Amino acid sequence: MDIVPPTPPAPPPQPEPLKQLSDIYQTHCHWMTRALALAAKAGAAGEVPVGAVLIANQQVIAEAANRRERDQDPTAHAEILALRAAGMQRQNWRLSDCTLYVTLEPCPMCAGSLVLARLGQLVYGADDPKAGAVRSVLNLLDGPSSNHRLPVLPGVLEAACRDQLQQWFSRRRHATQTNCPSPTKGP
Ligand SMILES: [Zn+2]
């Protein structure tokens, strides 16, 4: 007589609201991964690695990475370039139906621009303790100069975003030390 092993019980179905939350978070991670890839390319080109992707209806409207060094433009941050490209493409500066994914907390210039664009939602990865204008140093979005409120989700793929920046700065420090030995050390 064959012994039929008992079938393991099926896992309990996920409650629907939890499943929906999990799907939403997976979507955030998907777009942030794309922003991380843009940032990595910029980092390889000598820029501080920051990438941004602008989404509407689950489609990419515009994407960009930091180009400050390549363009010698102090305003060529990833967020600004993505907002400009989206406005040009849609012939409309209002982006209230869009979500911006960016790997680093926006600086004062970029946070102000998100308000001006009437952005629908901001999702970012790592906090910027030196220049973050969403919650780390300033909160421009909720400040008295802001005439637009937008939901913010910080910390999506936070570790990956932070590691990318830290590794880039660490490599650059190492390269600088290798290229410019301290005069006290001698030849
Ligand atoms: Zn910025």
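## The sheet

In what order do the five strands of the open sheet lie? In this predicted model, the order is β2-β1-β3-β4-β5, and the pairing is mixed. Two strands form the edges, β2 at residues 59-65 and β5 at residues 152-153, and each of these pairs on one side only.

Strands β4 and β5 run parallel and are joined by two bridges. Strand β4 covers residues 121-126. Within this part of the sheet, leucine 122 is placed opposite valine 152 of β5.

## Helices on the sheet

Helix α1, made up of residues 16-44, packs on the sheet and touches β1 (51-56), β2, β3 (99-104), β4 and β5. The direction of α1 makes about 145° with that of β1.

Helix α5, residues 158-179, also packs on the sheet. The strands that α5 touches are β3 and β4, and its direction makes about 60° with that of β4.

## The nonpolar core

In soluble globular proteins, nonpolar side chains tend to be buried together. Here the largest nonpolar core has 45 residues. The members that touch the most others in this core are Ala35, Ala52, Leu54, Ala82, Leu100, Tyr101 and Val102.

At least two core residues come from each of α1, β1, β2, α3 (78-90), β3, α4 (108-116) and β4. Helix α1 supplies the largest share, seven residues.

## Around valine 102

Which residues does valine 102 touch, leaving aside those up to four places away in sequence? They are Ala35, Val50, Ala52, Ala78, Glu79 and Tyr124.

Methods: Residues are numbered from 1 along each chain as its sequence is written. This is a predicted model: local features need pLDDT of at least 70, side-chain atom pairs count only at pLDDT 80 or more; totals for chains, interfaces and linings use all residues. Two strands pair if DSSP finds at least two bridges between them. Helices (H or I, at least four residues) and strands (E, at least two) are DSSP runs, numbered from the N terminus. Two residues are in contact if their C-beta atoms, placed from the backbone, lie within 7 Å. Axes are lines fitted to C-alpha atoms, for helices over the stretch in contact, and angles run from 0 to 180 degrees between N-to-C directions. A nonpolar core is a set of buried Ala, Val, Leu, Ile, Met, Phe, Trp, Tyr and Cys residues joined through C-beta atoms within 7 Å. A residue is buried if 20 or more other C-beta atoms lie within 10 Å of its own, exposed if 12 or fewer, and partly exposed in between; C-beta atoms are placed from the backbone.
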